[in-house]
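Hi,

Here is the structure I promised to pass on.

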Amino acid sequence: MLNIVLFGPPGAGKGTQSERLIEKYGLVHLSTGDIFRANIKGETELGTLAKSYMDQGQLVPDSVTIDMLRSEVVKHESPRGFIFDGFPRTNAQAEALDVFLNELGTGISVMLALEVEENELKTRLLKRAEVSGRADDANPEVIEKRIHVYNQETAPVKSFYHAQNKFISINGIGSIDEITNRLFQEIDSI
Ligand code: AMP
C-alpha cells in the first residue's frame with residue numbers, strides 16, 4: 001500500500017494537493033478536518049464536541065480524533081492506500097497511527113511536508129474564507145491561534161517521521177501545478 005501523510009500548516013494547500021494525488025494514485029483521502037466539518041453539518045454529538053475546539057483554533061482531543069480516524073480507515077476494504085490530510089497533528093496521533101497501521105499489516109510510506117511561510121499562510125487563509133465559508137478562516141485571531149498550535153504541537157511530528165527516514169520537505173510556494181509536480185516527483189521516486 002501507498003500511505004502518505006500530507007503535512008503542513010493551515011493554508012499550506014493540503015486539501016488542494018490531496019485532490020490531485022488521489023486522482024493520480026487512486027488513494028483514499030482522509031481529511032480529519034473534513035470529517036469533523038461533515039459531523040458539524042450533520043449535527044452529530046462528535047460534531048458538537050469538535051466545533052467547540054475548532055471555533056477556538058484548538059485541536060480536538062487526541063482520543064476522540066484517533067478513534068474517529070481508526071473507524072474511517074477500516075471502512076475501506078483493500079484500498080490501494082491512504083492520504084492522511086491534517087492527521088497526525090500530534091506525536092501521540094502519529095504513534096497511534098503507526099500501531100494501528102501495523103495491526104493492519106501496513107505502515108506509512110512517506111510524510112510529504114508542504115513548507116509555506118507564515119505571512120503567506122495568513123493571506124491564503126483570509127482569501128480562502130471568502131469561498132470556504134469556514135468561520136475559522138475568517139477570524140484573524142483564530143488563524144493566529146491555529147498557526148501557534150501548529151508550531152507548538154504539530155510541527156514536532158516532522159521529527160517523528162524524520163527518525164524513521166520517511167520525512168520529505170516540499171517547497172509549498174508556487175503555482176498549484178508546480179507544487180503538484182514536486183509531489184508527484186517525490187512519490188514516483190519512492
Ligand atoms: P483542517 O481542516 O485540517 O484545517 O482542520 C480544521 C480544524 O479541525 C483544526 O483547526 C482542528 O480544530 C480540527 N482538527 C483537524 N484535524 C485534527 C487532528 N488531527 N487533531 C486534532 N484536531 C484536528
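Some ground rules first. This is a predicted model, so local features need pLDDT of at least 70 and side-chain atom pairs count only at pLDDT 80 or more, while totals for chains, interfaces and linings use all residues. Residues are numbered from 1 along each chain as its sequence is written, and side-chain values use heavy atoms, with hydrogens and water left out.

**Pockets**

The largest pocket holds about 950 Å³ of space. A pocket here is an open set of points on a 1 Å grid over the protein atoms alone, with protein on both sides within 12 Å along at least five of seven lines; a cavity is a set where a 1.4 Å probe fits but cannot get out, and lining residues have an atom within 4 Å of a point. Points are joined across faces, edges and corners, and a volume is the space filled by probe spheres set on them.

There are 43 residues lining the largest pocket, and K14, R89, R128, R134 and R146 lie nearest its centre. At least two lining residues each come from β1 (4-7), α1 (14-25), β2 (28-31), α2 (32-41), α6 (118-132), α8 (140-154) and α10 (176-188). Those labels are DSSP runs numbered from the N terminus: helices are H or I with at least four residues, strands E with at least two. By class, this lining has 15 nonpolar, 17 polar and 11 charged residues. Nonpolar means Ala, Val, Leu, Ile, Met, Phe, Trp, Tyr, Cys and Pro, charged means Asp, Glu, Lys and Arg, and the others, Gly among them, are polar.

The second largest pocket comes to about 200 Å³. Its lining includes R37, K51, D55, R134 and D136, and α2, α3 (45-54) and α7 (135-138) each give at least two residues to that lining.

**Cavity**

The largest share, four residues, comes from α5. Six of the lining residues are nonpolar, one is polar and one is charged.

**Helix pairs**

α6 and α8 pack at about 135°, with axes 11 Å apart; axes are lines fitted to C-alpha atoms, for helices over the stretch in contact, and angles run from 0 to 180 degrees between N-to-C directions. That angle makes α6 oblique to α8. Angles under 35 degrees count as roughly parallel, over 145 as roughly antiparallel, 65 to 115 as roughly perpendicular and the rest as oblique. On the α6 side, E118, L121, K122, L125, L126 and R128 meet I143, E144, R146, I147 and N151 of α8, where contact means heavy atoms within 4.5 Å. These contact residues are five nonpolar, one polar and five charged.

For α2 and α3, the packing angle is about 120° and the axes are 7 Å apart. These two helices are therefore oblique to each other as well. G33, F36, R37, N39 and I40 of α2 make the contact with L46, G47, A50, K51 and M54 of α3. Five of those residues are nonpolar, three polar and two charged.

Cheers
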